Amino acid sequence: MSNALNAFFKCVDLIYDIPTCISIYLKQSFLTFSMSNTIPEVPGQVVDSQYLKELRSRVKELVGVSNFPGAQPISFRSEHLQELLDENYFVCEKTDGLRVFVYITSDNSGQRVYLIDRRNYYRYVPNLFFPVPDDPTFSQFHHETLIDGELVNDKESDGTVIKIII
């Protein structure tokens, strides 16, 4: 078992309060965030209904479902501890944001990036680029790729910025 999971279970044994335990562990790990309390709007240009059907069809081919392709999170409770011991899971801090999928594809003009919300609506985001690692020319890019993420408002010294946590 990893050090992080050991520390987590020690905390659970002492406190018996899972949300507090996770919060304490995250603070001890110096994982602090300065996120705004407001949920951001999905940026980008709304995709017209005809092209929306095509994009949904392509994502359906990638993942095999026609609705929003992501699993829904559940609240972690004490009855889930045994399942954690039996299976591999990743436990992370709950960010107050908007869950989206980043769909990366291409056309004749190059890479195109879309954000998909839980209602399965798509927005095109120009000037967002996902290059292939180890390509110093940045001429290669990801294609037909789906990434799970969370849109958040991040407080910066000069204002609030929308970021995607992947």
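1. Arg58 and Glu54 both lie in helix H3, 4 residues apart, which is about one turn of the helix; helices here are DSSP runs of H or I with at least four residues, strands are runs of E with at least two, and both are numbered from the N terminus. The two side chains form a salt bridge in which the closest N and O atoms are 3.1 Å apart, the term standing for a side-chain nitrogen of Lys or Arg within 4 Å of a carboxyl oxygen of Asp or Glu. Arg58 is buried at a relative accessible area of 18%, whereas Glu54, at 40%, counts as partly exposed. Buried is used for under 20% relative accessible area, exposed for over 50%, and partly exposed for what lies in between, with a 1.4 Å probe and protein chains only.

2. On provenance, this is a predicted model, in which local features need pLDDT of at least 70 and side-chain atom pairs count only at pLDDT 80 or more, while totals for chains, interfaces and linings use all residues. Residues are numbered from 1 along each chain as its sequence is written, and side-chain values use heavy atoms, with hydrogens and water left out.

3. As to the overall architecture, the chain has 4 helices and 6 strands, and from the N terminus on its elements run α-α-β-α-α-β-β-β-β-β. Buried residues make up 31% of the 166 residues. The chain exposes about 11300 Å², of which carbon and sulfur atoms supply 52%; accessible areas come from the Shrake-Rupley method with a 1.4 Å probe, and for residues only the protein chains shown count as cover. Among contacts (heavy atoms within 4.5 Å) between residues at least 6 apart in sequence, 60% join residues at least 24 apart.

4. The strands make an open sheet of 6 with the order E1-E4-E3-E2-E5-E6 and antiparallel pairing, where two strands pair if DSSP finds at least two bridges between them. Strand E1 (45-46) and E6 stand at the edges with a single partner strand each, so one side of each is left without a neighbour in the sheet.

5. Within this sheet, strand E2 (residues 98-107) and strand E5 (residues 145-156) run antiparallel and are joined by 7 bridges, with Ile104 standing opposite Thr145 in E5. E5 in turn pairs with strand E6 (residues 159-165) in the antiparallel sense, again over 7 bridges, and these two strands form a hairpin with 2 residues between them; Glu156 stands opposite Gly159 in E6. E3 and E4, also antiparallel, are joined by 3 bridges, and Leu115 stands opposite Arg123 in E4.

6. The largest nonpolar core has 11 residues, namely Val47, Leu52, Leu55, Val59, Phe68, Phe101, Tyr103, Tyr114, Ile116, Tyr122 and Tyr124; a core is a set of buried Ala, Val, Leu, Ile, Met, Phe, Trp, Tyr and Cys residues joined through side-chain atoms within 4.5 Å. H3, E2, strand E3 (110-116) and strand E4 (122-124) each supply at least two residues of this core, and H3 gives the most, with 3 residues. A second, separate core of 10 residues includes Ile104, Val125, Phe130 and Ile147.

7. Tyr103, a member of the largest core, deserves a separate look. A search of the whole structure finds 8 salt bridges. In one of them the side chains of Arg112 and Asp107 meet at 3.4 Å, N to O; Arg112 counts as buried at 18% relative accessibility, while Asp107, at 34%, counts as partly exposed. In another, Lys163 and Asp154 meet at 2.9 Å, N to O, and here Lys163 is partly exposed with a relative accessible area of 33%, whereas Asp154 is buried at 9%. Salt bridges that share partners also join Glu54, Arg58 and Glu144 into one network.

8. Val63 lies in helix H3 (residues 49-63) and is partly exposed, with a relative accessible area of 37%.
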